Amino acid sequence: MEKNVTEKNTVSDAKEGGKDRRGERESARENRGGPRPAAVVVGGSSGIGLEVAQALLSKGYAVVNISRSVAKNERLRNITADITQGEELEHALQAAGAEYGNISLLVYSAGFSMAAPVEFARETDIRYLFEVNYFGALRAVRGVLPYMKKQGGKIFLIGSLGSLYPVPFDSFYSSAKAALDMLVKGARTELRRYGITLTAVQPGGTSTSFTFKRKVYPDEENGEYAKDVHKAVAALGNMEQGGMDPQVVAGEIVAQALRANPAVTFATGGKNKVYRMMERLLPEKVAEYFNNKRYNQ
Ligand SMILES: NC(=O)c1ccc[n+]([C@@H]2O[C@H](COP(=O)([O-])OP(=O)(O)OC[C@H]3O[C@@H](n4cnc5c(N)ncnc54)[C@H](OP(=O)(O)O)[C@@H]3O)[C@@H](O)[C@H]2O)c1
């Protein structure tokens, strides 16, 4: 039988000697005759977000997906919005809050990536990338605060291991994801008084359609970097398509979401946890050497 939110917390309490008891009380309160805890996944129409949304359904959450296209699961409530268009995201979050009366979990999984040299990338593309990867996440966090301030809540922003190891020819993506990590760390301190936790998830390569949506500049726009852009894009694509199953990544995110006090940041998968540790331990130039090799630079 599938475990719901409360049951899962009880299991983790037993394992962790009661340190998660606050989580159990909170979840029990939510489930005791009250409304189902509502989770919002921004970017839940495909990939990691869709898997998270489906896993949360099986844990007893009411789940709303916010994205431009509709998630193909009739148990999900879809509200279509383009994060980059005006206040569509804010309005979608308000609609979700009004419909369910609460938002106790936010997972921001929307993302966009590109491949172009620092020297030639157009500022409009870089700004679009920051809109989807950073400003959208910031606005989603602000949008759920009116609900979470009343009852506490958990926020997961899907960043990337690319926030620790720069992706050549997409240093904009790495910059936006590094900014997410710091948003999480700063906002955690501000919001702990309301019982709100934030977590930055740092997946490594994950086999989704993300690879095929990347905006890669044509050779003529990449000038003397064209060959190196090809090598980096191919290496990145191989890492992603040969990487983790999004269902497994989602499983780790949902396991963290069921804890009373989720991690500040965490990498998904054993190999990526080791890479993350190495980045912390190795001298910067050694880490840089290995990263350059990874991208055939
Ligand atoms: N795949 C990887 O290897 C990998 C590795 C590290 C980190 N990540 C991160 O993981 C997250 C999820 O990526 P994924 O691999 O699951 O990719 P994905 O399948 O392409 O999912 C991206 C999601 O973002 C939504 N989205 C994109 N632009 C949007 C916009 N303007 N407005 C509203 N929604 C928008 C998409 O929905 P619509 O198109 O329907 O709007 C989709 O639901 C991203 O933040 C990505 O950076 C991925």
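The residues of the shell around the ligand divide into nine nonpolar, 17 polar and four charged. This shell belongs to a predicted model, and 30 residues surround the ligand there, with G43, G47, R68, G111 and F210 the closest. Helices α3 and α7 (210-213) each supply at least two residues of the shell around the ligand, and α3 gives the most, with three residues.

Helix α3 also takes part in a contact with another helix. The axes of α3 (residues 47-58) and α10 (residues 246-257) come within 8 Å and cross at roughly 55°, and the two helices are therefore oblique to each other. Their crossing is right-handed. On the α3 side the contact involves G47, I48, E51, V52, A55 and L56, which meet P246, Q247, V249, A250, G251, I253 and V254 in α10. The residues of this contact divide into nine nonpolar, three polar and one charged. G47, which is listed in this contact, is also among the residues closest to the ligand.

A second pair of helices is formed by α4 (residues 88-100) and α5 (residues 123-151), whose axes come within 10 Å and cross at roughly 30°. Because angles under 35 degrees count as roughly parallel, α4 and α5 are described as roughly parallel to each other. The crossing of α4 and α5 is right-handed. The contact is made by L89, E90, L93 and G97 of α4, together with G136, R139, A140, G143, V144 and Y147 of α5, and its residues divide into five nonpolar, three polar and two charged.

| Helix pair | Axes come within | Crossing angle |
|---|---|---|
| α3 and α10 | 8 Å | roughly 55° |
| α4 and α5 | 10 Å | roughly 30° |

The model also contains an open sheet of seven strands, which has the order β3-β2-β1-β4-β6-β7-β9 and parallel pairing. The edge strands of this sheet are β3 (77-80) and β9 (265-267), each of which pairs on one side only, while the twist averages 20° from one strand to the next. Towards β9, helix α6 (residues 171-191) lies across β6 (153-158), β7 (196-202) and β9, and runs at about 165° to β7.

Notes. Residues are numbered from 1 along each chain as its sequence is written. This is a predicted model: local features need pLDDT of at least 70, side-chain atom pairs count only at pLDDT 80 or more; totals for chains, interfaces and linings use all residues. Axes are lines fitted to C-alpha atoms, for helices over the stretch in contact, and angles run from 0 to 180 degrees between N-to-C directions. Helices (H or I, at least four residues) and strands (E, at least two) are DSSP runs, numbered from the N terminus. Angles under 35 degrees count as roughly parallel, over 145 as roughly antiparallel, 65 to 115 as roughly perpendicular and the rest as oblique. A crossing is left-handed if the near helix is turned anticlockwise from the far one by less than a right angle, and right-handed if clockwise. Two residues are in contact if their C-beta atoms, placed from the backbone, lie within 7 Å. Ala, Val, Leu, Ile, Met, Phe, Trp, Tyr, Cys and Pro count as nonpolar, Asp, Glu, Lys and Arg as charged, and the others, Gly among them, as polar. A residue is near a molecule or strand if its C-beta atom, placed from the backbone, lies within 6 Å of it. Two strands pair if DSSP finds at least two bridges between them.
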